[in-house]
Amino acid sequence: RIALISMVFSIILGFLLGMVMNIPNKIIKFICRIYLEIVRIMPQLVLLFLVYFGAAKHLGMNLSGETAAVIVFTFWGTAEMGDLVRSALISIPKHQYDSGYGLGLNKWQVYLYIMRSIEQVVIATVVYSASLICNVLVNALLIFGLFGLPKMGIMGAAIGTLTARIVELIIVIWYAKVKNHDVRFHPVYMRKIDKVLLKDFLIYASPVILNEMMWGLGSTANTAVIGHLGSAAVAANSVAQVARQLATVVAFGVSNATAIYLGKTIGAKEFHLAKEYGKRFLWLSIITGAVGGGIILIAAPIANHVMTLSQEAQGYLYFMFFVMSYFTLCQAINTTLVVGVFRAGGDTRFGLILDVSTMWGCSILLGMIAAFVFHAPVQVVYILLMSDEVIKVPITVMRYRSYKWIQNVTREKAELA
C-alpha cells in the first residue's frame, strides 16, 4: 500500500514538477535544482529518519511509520519523475513546438500531442518510469519487510536500486532488438577495436580510472580513521559530509562543464581560447567554492539545532563545519582544474600523481599517525585528514599557469587504423 500510494502521488506531482522545471525563470530553476540534488545526495533511510523523528521533535506531529514512508517516497519519487519529464520535454526539437503553436494549440496541448507522437521521447519516459516504479516497490518491500519478506534496511535500498537498473537494461535491450530500426546494436560491433583509439584510451583513460579508484579508497580510509575516534566524531562527520556534498553540487557541475567545453575547444585547435576559457572557469570555481563554504558556515547552527546530538558531538560539528568551509573552496578549485581543465587537455597522469601523493602520502598518512600513534585530539586528526585539498591548491594552480595541460588528443580520420 505504501508503494502504491507513493507511486500515484509521485507520478502526478512529478509530471507537474517536470513542466514547472521548464519554466524560463532562474529562481524557479534554482529551487528545483536544489530539491533534486537533496534527493540525489540524501539516502532514503536518512530522509525517513528526518521525517519520522524530525516531525515529532520540531513540529509536534507523531506520524505513523506508514505516513512517514509515504511522505518520503513521494518526496523522492516526485523529484525523479519530475527530472524525467523535464529531460523528455527539452529533448523535443524547437520546431515541433513551433508547428504546434502554428496550428493554434496552447502550450499544454503541444506537450501532450508531441509526447504521444514522438517515439524517442516515449521510450525514455517508459524506461525511467518503469525504473522508478520498480525502485519504489522493491524499496518498500525490502526496507520494511512487507508481505513476509526480510526486513533488510539499507541493504534493501541497495537491492532496490540494483533491480531498477536491471529493469532499465532489459527494456533497453528489448527496444534495441525489437522496436528500434534506426540505430541497431549487436555484440559483434564490440569486437572491432581500433588500435590507435585503444592506445589513446589506455594512455588517457587509465590514469582517470586509477585516480577515481584511489580517491574512493582514500575516502573510505578517512571514514575508517574517523570511526576509531568515537561515536560523537562519527555522528558529527556524517552531518558535515552531507553538508559538504550539498555545498559542492554547483562546483562539481562547473568542473564537468569545464571538461566538455575545453575539450571541444582544444579539439578544434583553438588553444588561445582554451587558455581564456580556463581562466574564466577557474574564477567561476573560486566563486562557487566561496559561496559553498559560506553556506556551510551558515548551516552549522541550523544543523546543530535540528539534529539530536550529544554535547560532545555538537562541539565537533561546529569545528568540522568550519574545516569543511575552507575545504569546499579548495576542493572547488582543485576539481575544476584537475577534473575539468587538465582532463580536457589529456593531462590525466598529473591528476593521478597529484591525488595519490597528496591524499595517501600526506593527509591519510599524517591523520593515521596522529590518531593511532600520538592519539591526538579529534580536531587535530580531522584537520590532517582534510588537508589534501589545501595542499593541492598551489600545485594545481602552478600546473594550470604552465599550460602544459594543453594537448590535442583528437584524432583525424586518416590517423585511425
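Let's start where two helices meet: Val250, Ala251, Val254, Ala257, Thr258, Tyr261, Leu262, Thr265 and Ile266 of H11 touch Phe271, Leu273, Ala274, Tyr277, Gly278, Phe281, Leu284 and Thr288 of H12. Sorted by class, this contact holds 13 nonpolar and 4 polar residues, with no charged ones. Keep in mind as you look around that the model is predicted.

How do the two helices lie against each other? Helix H11, residues 249–267, packs on H12 at an angle of about 180°, and their axes are 10 Å apart. Angles over 145 degrees count as roughly antiparallel, so H11 and H12 are roughly antiparallel.

Now follow H12 itself. This helix covers residues 271–306, which makes 36 residues. From its first C-alpha to its last, H12 reaches 50 Å, close to the 52 Å expected at 1.5 Å a residue.

H13 spans residues 311–344 and H14 spans residues 348–373; the two pack at an angle of about 150°, with 8 Å between their axes. Here too the 145-degree cut-off applies, and H13 and H14 are therefore roughly antiparallel to each other. On the H13 side the contact is made by Val338, Phe342 and Arg343, while H14 brings Thr348, Phe350, Gly351, Leu354 and Asp355. These residues divide into 4 nonpolar, 2 polar and 2 charged.

One residue of that contact deserves a second look. Arg343, which takes part in the contact of H13 with H14, also forms a salt bridge with Glu212. The closest N and O atoms of this pair are 2.9 Å apart. Which parts of the chain does the pair link? Arg343 sits in helix H13 and Glu212 in helix H9, residues 195–227, so the bridge joins distant parts of the chain, 131 residues apart. In the whole structure, a search finds 5 salt bridges.

Conventions. Residues numbered from 1 in each chain as written. Predicted model: local features only at pLDDT ≥ 70, side-chain atom pairs only at ≥ 80, totals over all residues. Heavy atoms only, no water. Axes fitted to C-alpha atoms, helices over the stretch in contact; angles between N-to-C directions. Helix = DSSP H or I, 4+ residues; strand = E, 2+ residues; numbered from the N terminus. Parallel < 35°, antiparallel > 145°, perpendicular 65-115°, else oblique. Contact = heavy atoms within 4.5 Å. Nonpolar A, V, L, I, M, F, W, Y, C, P; charged D, E, K, R; others polar. Expected span 1.5 Å × (residues − 1). Salt bridge = Lys/Arg side-chain N within 4 Å of Asp/Glu carboxyl O.
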